[in-house]
Amino acid sequence: MSQSIIGQGDTCLKRIEYDFFHDTPVVGNVSRLIGSAYHAGLAEGYAALMRGETVNVDDTVSAATDAFLKGVEWDDYVDKPVDEFSWTYQPKTYRAPHIELRPVEATQIVGQLVRYYWQPEARNTQVIAVEFRVNLPYPGAPAGWDRGGGIDLVTVDDAGYLLVDHKTSRKKWAKKKVSPTHPQAAWYIDEWRTYANTDQVKFEFDVMAINLDPETLLADPSLERWPAPRTQAQIDMTLERGRDLAVLIEKGGPFLPNPESFLCSPHYCDHWKICPYGSTLNL
Ligand code: SF4
């Protein structure tokens with residue numbers, strides 16, 4: 001179990017059914033891939049810092065653009081070729097214009113974002129881990145379930161450990177995005193506490209707001225850091241949510257669709273073409 005499965009279930013349980021029980025097409029889109037490639041660029045730089053080297057920004061840009069070009073054709077997460085790829089960065093809404101990117105534009109945006117990050121923004125603390133992954137026992141969960149997930153960055157100073165999750169976002173985040181209903185912070189705080197056997201653990205989201213303009217493209221990116229403290233009770237309830245979801249998956253459902261979500265859309269749901277609920281109810 002990872003916190004991303006809980007997040008997927010929050011959006012729509014039907015997605016869980018397709019992810020676990022159906023062989024669905026692998027769908028890529030440019031917005032998500034810009035985020036993955038940006039992660040790869042930051043990981044390259046922080047891995048250098050962890051080795052005691054300085055950050056070579058050109059190397060981080062190369063890592064990011066290589067990840068982008070590969071990701072158009074291959075999905076590392078499921079380790080399968082991409083069956084279809086959308087270059088729609090942003091569908092038209094009543095507030096936002098439609099933005100369709102060309103491959104060269106998208107690649108440039110990835111490079112510019114990574115360069116922007118390393119200007120004044122990089123953290124200068126001791127790096128302990130980059131893209132840290134571990135599977136831990138999951139007491140109380142059904143047999144065979146452990147808990148894991150990837151922490152983008154772990155640093156340490158006199159105050160203890162800081163876990164950082166790197167996000168890209170179309171716009172600046174609002175405060176509600178760091179609410180305790182979001183499972184990620186609680187999940188990773190507990191993961192590192194358990195793994196490192198310490199209580200001195202904090203969590204922050206580093207959010208790169210891309211602010212893409214249809215005419216000038218990457219004119220106004222900005223980076224904000226959002227601390228996300230969690231109480232022990234909030235951590236316990238987050239772990240309980242994971243157990244509940246594991247029980248439901250073990251039972252084989254039922255997995256209710258959520259066509260009310262704004263993410264139930266051909267632009268945001270990878271299962272749109274095979275799920276009759278969204279395409280029937282949200283046309
Ligand atoms: S199309 Fe809508 S209902 Fe179907 S899986 Fe996607 S989000 Fe859920």
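Which residues in α3 meet which residues in α5?

Analyst: Happy to walk through this one. The model is predicted, so local features need pLDDT of at least 70 and side-chain atom pairs count only at pLDDT 80 or more, while totals for chains, interfaces and linings use all residues. Residues are numbered from 1 along each chain as its sequence is written.

On the α3 side, the contact is formed by Val30, Ile34, Ala37, Tyr38, Gly41, Leu42 and Gly45; they meet Ala106, Ile109, Val110, Leu113, Val114, Tyr117 and Trp118 in α5. Contact here means C-beta atoms, placed from the backbone, within 7 Å. By class, this contact has twelve nonpolar, two polar and no charged residues (Ala, Val, Leu, Ile, Met, Phe, Trp, Tyr, Cys and Pro count as nonpolar, Asp, Glu, Lys and Arg as charged, the others, Gly among them, as polar).

As for geometry, α3 covers residues 30–50 and α5 residues 103–118, and the two pack at an angle of about 40 degrees with their axes 9 Å apart. That makes α3 oblique to α5; angles under 35 degrees count as roughly parallel, over 145 as roughly antiparallel, 65 to 115 as roughly perpendicular and the rest as oblique. Axes are lines fitted to C-alpha atoms, for helices over the stretch in contact, and angles run from 0 to 180 degrees between N-to-C directions.

Now to the loop between α7 and α8, where Pro254 lies. A cis peptide bond joins Gly253 and Pro254, with omega about 10 degrees.

There is also a ligand, surrounded by 15 residues, of which the closest are Cys12, Cys264, Cys269, Cys275 and Gly278 (near means a C-beta atom, placed from the backbone, within 6 Å). The elements giving two or more residues to this shell are α2 (13–21) and α8 (276–281).

Stepping back, the protein chain has eight helices and 13 strands, where helices (H or I, at least four residues) and strands (E, at least two) are DSSP runs numbered from the N terminus.

How values were computed:
Contact = placed C-beta atoms within 7 Å.
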